[in-house]
Structure formats: structure tokens, C-alpha cells
Amino acid sequence: MNRSSALKILIASSHADTRVAVSWMLRQAYPAAVISKAETSAEVIQVTESDVPDCVVVDASLIDLSTELASFSETLWQCQVPLILIHDGTDASPMDADSCPDVAAWLVRSSLSVSYVELAISKAVTLASMACRIAALEQEAQQLRNDKLALEAAATEVTPADGE
């Protein structure tokens with residue numbers, strides 16, 4: 001997560017009115033944010049691979065929740081990009097939330113507000129940043145364990161000096 005520069009947010013929806021509304025809310029919450037837009041799930045993946053955003057806000061109507069959501073959210077999470085899903089309250093259920101733990105937030109379209117969107121993005125970006133830091137620390141800890149094992153192995157291979 002690149003928090004030292006402007007927050008990069010990707011809005012993905014096949015509906016122009018949703019992209020405009022969410023973009024306006026983001027401008028209110030994050031005036032310096034770099035906001036890009038996508039109209040298809042393929043565009044989301046393409047943008048994410050070329051210029052990794054800090055967060056992706058997706059309209060649930062863009063993807064098939066029953067077949068694409070799990071792989072879509074996992075793909076983004078592997079890039080350490082949190083996914084926020086906007087739904088109308090009927091197209092996403094608690095079962096979807098349980099089956100897709102990689103979705104950082106589920107926002108109901110009729111409840112969207114600047115503060116609601118800001119809180120969801122802030123939380124999602126913070127959690128993704130923490131996950132990156134934890135992964136780096138785990139990797140560092142594993143390297144230290146490997147170094148310790150190598151030192152212990154080298155210590156047991158010490159041969160006595162000549163004449164002893």
C-alpha cells in the first residue's frame with residue numbers, strides 16, 4: 001500500500017450513474033485521491049495489473065456473484081488490493097460474505113453516504129496494509145529461523161584443530 005502519496009481508488013460498475021455517484025463521494029472523502037473507473041471485470045483486472053490501486057470499489061451488478069465473486073476477490077487480494085462490494089441488498093447475502101472472506105466490505109447501495117464509503121475504504125486499506133506488514137514480518141521470521149538452523153548446523157560441524 002502506497003500511503004505516502006495520494007490514495008488510488010478504482011471504481012468498477014457497468015452503470016455510469018453508480019460510477020459518478022461513488023466518484024463524487026470519494027472526492028468528498030479523499031480530495032487528493034486518484035480515481036479511475038472501469039466498466040467490466042476484465043478492465044478491473046487489467047488496471048490492477050498495470051497500475052495497482054489501493055482499493056477497488058465494485059458494483060455487484062458487474063460480476064456474477066454466484067460464480068465469479070470468489071475468484072475475483074481472491075485475485076485482487078493476492079495483489080493486496082482490498083475489494084469493497086456495493087450491492088442492492090438482494091443480490092448479496094450473508095452466505096456470500098461467508099464464502100468470500102476476501103471482500104473487505106459489503107455496502108448496501110441505498111445506504112451509501114460519504115462517511116459510509118470513507119469508513120469502508122479507510123478500514124479496508126488499513127487492513128490490507130497490516131496484512132502486507134504481517135506477511136513481511138512472517139517472511140523475515142522464517143528467514144531468521146533458517147539462519148539459526150544454518151548456524152546450528154555449522155556449529156556442529158566444527159572440527160578440532162591439528163594436534164588435539
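Which side chain meets that of aspartate 51 in a salt bridge, and at what N to O distance?

A: This is a predicted model, in which local features need pLDDT of at least 70 and side-chain atom pairs count only at pLDDT 80 or more, while totals for chains, interfaces and linings use all residues. Residues are numbered from 1 along each chain as its sequence is written, and side-chain values use heavy atoms, with hydrogens and water left out.

The partner is lysine 8, at 2.9 Å from N to O. A salt bridge here is a side-chain nitrogen of Lys or Arg within 4 Å of a carboxyl oxygen of Asp or Glu. Lysine 8 lies in strand E1, and aspartate 51 lies in the loop between helix H2 (41-50) and strand E3 (55-59), so the pair ties together parts that are 43 residues apart in sequence. Helices (H or I, at least four residues) and strands (E, at least two) are DSSP runs, numbered from the N terminus.

How covered are the two partners? Aspartate 51 has 43% relative accessibility and counts as partly exposed. Lysine 8 is also partly exposed, with a relative accessible area of 22%. The classes are buried, under 20% relative accessible area, exposed, over 50%, and partly exposed in between, with a 1.4 Å probe and protein chains only.

Stay in the loop between H2 and E3, where proline 53 is also placed. Proline 53 counts as buried, at 4% relative accessibility. Beyond its neighbours within four places in sequence, proline 53 is in contact with Lys8, Leu10, Thr48 and Val81. Contact means heavy atoms within 4.5 Å. Another reference point for proline 53 is cysteine 79, which is 26 residues away in sequence and 9.6 Å away in space, C-alpha to C-alpha.

Now move to the segment before strand E1 (8-12). Alanine 6 is found there. Its relative accessible area is 30%, so alanine 6 is partly exposed. Leaving aside neighbours within four places in sequence, the contacts of alanine 6 are Ala32, Ala33, Val34 and Asp54.

Cysteine 55 is buried, with a relative accessible area of 0%. Cysteine 132 counts as partly exposed, at 25% relative accessibility. The disulfide count is 0, where a disulfide is a pair of cysteine sulfur atoms within 2.5 Å.

The axes of H2 and helix H3 (residues 69-78) come within 11 Å and cross at roughly 10 degrees. H2 and H3 are therefore roughly parallel to each other. Axes are lines fitted to C-alpha atoms, for helices over the stretch in contact, and angles run from 0 to 180 degrees between N-to-C directions. Angles under 35 degrees count as roughly parallel, over 145 as roughly antiparallel, 65 to 115 as roughly perpendicular and the rest as oblique. On the H2 side the residues are Ser41, Val44, Ile45 and Thr48. They meet Phe72, Thr75 and Leu76 of H3.

Next, the other salt bridges. A search of the whole structure finds 4. One of them joins arginine 19 and glutamate 39, with the closest N and O atoms 3.7 Å apart. Arginine 19 is in helix H1 (residues 16-29) and glutamate 39 is in the loop between strand E2 (34-38) and H2, so this pair ties together parts that are 20 residues apart in sequence. Arginine 19 counts as buried, at 11% relative accessibility. Glutamate 39 counts as partly exposed, at 44%.

Glutamate 152 and lysine 148 also form a salt bridge, at 3.6 Å from N to O. Both are in helix H5 (residues 114-156), 4 residues apart, which means a separation of about one helical turn.

Finally, the whole chain. The secondary structure comes to 5 helices and 5 strands. From the N terminus on, the order is β-α-β-α-β-α-β-α-β-α. Buried residues make up 34% of the 164 residues. Among contacts between residues at least 6 apart in sequence, 67% join residues at least 24 apart.
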